[in-house]
Amino acid sequence: MAISGMHLSVLGWGLYKLLVRIRFPIKGAGILSAAAMIFYGELTGSGAAAVRAVIMFAVSMGALLLKRTYDFLSALSLAAILLLAESPLYLYDSSFLLSFGAVLGLAAVHPVLFPPERKKYSKNLWGKVKKEVEAGLFSSISVWSILLPISMYFFYELSVWGFLVNLLILPTVGVLLISGLAGGILGLLPGLLFARAGALPGILILEFYIKGGKLLQNLPFFLWITGKPKIWQCLLYYGILTGILLIKKQGKWITAGKIAALLAALGLLFLRLPEGSLKVTFLDVGQGDCICIQQGREVCYIIDGGSSSVSRVGQYRILPFLKEQGISTVDGIFVSHMDEDHINGILELLKMITEKKTGLKIERLFLSRCKETEEQREQLEDAGEKADCEIYYIKRGSEISSGNLKITCLSPEDQNMESNEGSQALYMEIEECSILFTGDIEGAGEEEMISLCEDTGKQCHILKVAHHGSKNSTPDRLLDVLQPLAAVISCGKENMYGHPHKELIDRLNDRKIEIYETKEQGAVSAIWDGEKIRMTFQHEKSMIE
């Protein structure tokens with residue numbers, strides 16, 4: 001059962017007024033209404049928003065019955081104290097922060113930024129609409145002044161046109177809730193005619209919300225991927241906002257100064273400093289592969305994106321990582337081969353882009369041909385075209401460059417090889433840093449790649465171990481030729497294949513190569529600062545000289 005502060009407000013005050021109207025004693029009506037809302041909050045699961053609304057409603061009833069002044073901020077503070085006393089970890093809960101933040105925006109920000117004025121509106125329809133639109137706009141700005149950092153911190157994106165959604169919802173939500181309640185009560189009677197009549201206004205309003213939401217969804221930049229701000233950025237923003245609200249003096253220059261300070265605080269929230277010249281992250285996608293290459297804030301490439309052990313890996317692992325990093329445009333996705341554990345997440349992303357469920361943009365797909373997987377390749381190509389991606393086919397010797405970053409394809413030339421055997425192998429280099437990404441390459445394809453590296457003198461600092469660390473992948477000859485300092489293995493916990501195999505680990509340990517496993521250490525990042533590579537995972541780090 002959906003529950004919010006608005007539900008409780010409408011139901012609680014509606015019940016109280018109904019009891020008073022039927023001549024129920026005022027004190028009894030207040031106590032009964034407060035008790036009913038407490039039971040209703042319990043019925044719905046006692047979420048943070050529900051408990052906050054119950055406490056504030058009970059305090060308002062108490063003030064009414066005791067003939068005392070109801071102070072909105074005091075009631076809000078009491079609700080926060082009681083909730084945090086029971087569970088201090090609510091401070092890290094998005095629902096708690098969003099619920100209290102929204103109410104705080106209306107209670108503390110709105111009266112200061114938009115003080116009540118005795119402004120006269122025309123009594124005709126246009127005057128009423130203008131009044132409602134202005135009130136909704138001011139309320140939205142007040143609420144979002146508090147919720148903006150919270151939304152960015154937890155969800156990494158904003159709905160640019162969200163205030164328009166509020167303008168659609170706020171004037172009609174009371175009618176919607178009353179209609180739903182009426183439909184539920186009338187549904188207890190024999191027959192469905194009266195219940196349908198009671199629920200009809202609510203049904204029409206919901207259809208209006210859906211149609212309006214879809215219309216807004218098609219507007220440019222509906223979802224803006226912002227990335228995740230640091231805690232200090234959020235605290236500094238709130239400090240500046242508090243300072244603005246505490247300044248009581250009025251005047252042209254003071255107002256201009258407040259606006260400038262608020263714009264500076266907003267700019268600070270969106271500030272993202274690059275972690276190095278290059279950042280390569282091997283995501284933890286369970287039994288699968290996904291690698292993200294970032295060069296500052298301008299360039300982003302992805303290699304593979306799939307999993308055989310994590311459900312909806314594109315939506316719940318890959319996309320959240322990209323949004324958290326503030327990546328709204330992927331310059332290209334390289335697909336090593338067409339196995340499900342390398343492409344199903346990519347297909348999800350492409351479908352979400354086509355259906356406008358994300359603000360992410362993928363510019364290009366870099367594919368290779370393999371006769372064994374023609375059907376899967378055609379499916380991926382079709383999904384890419386629907387998402388407005390450019391499709392490129394690369395082969396041995398193909399180079400993709402961006403500034404001083406260069407990615408060279410070392411794939412086997414024979415298209416008749418089995419899918420794993422003919423995987424794309426990609427050699428990435430920037431300045432004095434080099435990484436080899438091997439997909440699931442094995443057998444004759446791997447031997448061909450080793451010979452090419454041997455003939456061209458290619459070595460690497462980091463090796464992405466092929467085929468999730470299988471027993472026969474990454475042979476002695478490959479390690480002797482490449483001489484990597486570190487190896488990253490992408491595999492899932494307790495996977496059915498036993499990856500990574502002991503034989504492979506022994507080969508790496510014999511050469512004193514540092515080993516990083518996503519199943520043990522989560523996402524592993526290699527950050528090149530121009531002199532050294534810093535490896536980070538789960539808030540730990542190490543250096544590769």
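I began with the largest pocket of this predicted model, and I noted that helix 6 gives the most to the lining of that pocket, with 7 residues. I then looked up the volume of the largest pocket, which is about 1,600 Å³, and found that 39 residues line the pocket, with Met6, Ala102, Val103, Leu106 and Leu170 the closest to its centre. Besides helix 6 (125-155), the elements that give two or more residues to this lining include helix 1 (5-21), helix 5 (94-113) and strand 1 (157-159). Sorting the lining of the largest pocket by class, I wrote down 25 nonpolar, 12 polar and 2 charged residues.

Next I turned to the second largest pocket, for which I noted a volume of about 1,100 Å³. Of its 32 lining residues, Lys230, Glu275, Lys279, Glu324 and Gln325 are the closest to the centre. Among the elements that each supply at least two residues of this lining, I listed helix 10 (231-246), helix 12 (313-324) and strand 18 (524-528). The classes here come to 13 nonpolar, 11 polar and 8 charged residues.

Last, I traced an open sheet of 7 strands, whose order is 11-12-13-14-15-16-17 and whose pairing is mixed. Strand 11 (399-402) and strand 17 (514-517) stand at the edges, and each has a single partner strand, so one side of each is left without a neighbour in the sheet. From one strand to the next, I noted an average twist of 15 degrees. Within the sheet I followed strand 14 (residues 433-437) and strand 15 (residues 462-464), which pair in the parallel sense over 3 bridges, and I found that Leu436 has Leu463 as its bridge partner in strand 15.

Definitions and conventions:
Residues numbered from 1 in each chain as written. Predicted model: local features only at pLDDT ≥ 70, side-chain atom pairs only at ≥ 80, totals over all residues. Heavy atoms only, no water. Pairing = 2+ DSSP bridges. Helix = DSSP H or I, 4+ residues; strand = E, 2+ residues; numbered from the N terminus. Axes fitted to C-alpha atoms, helices over the stretch in contact; angles between N-to-C directions. 1 Å grid on protein atoms, 1.4 Å probe; cavity = no way out; pocket = protein on both sides within 12 Å on 5 of 7 lines; lining within 4 Å. Points joined across faces, edges and corners; volume = space filled by probe spheres on them. Nonpolar A, V, L, I, M, F, W, Y, C, P; charged D, E, K, R; others polar.
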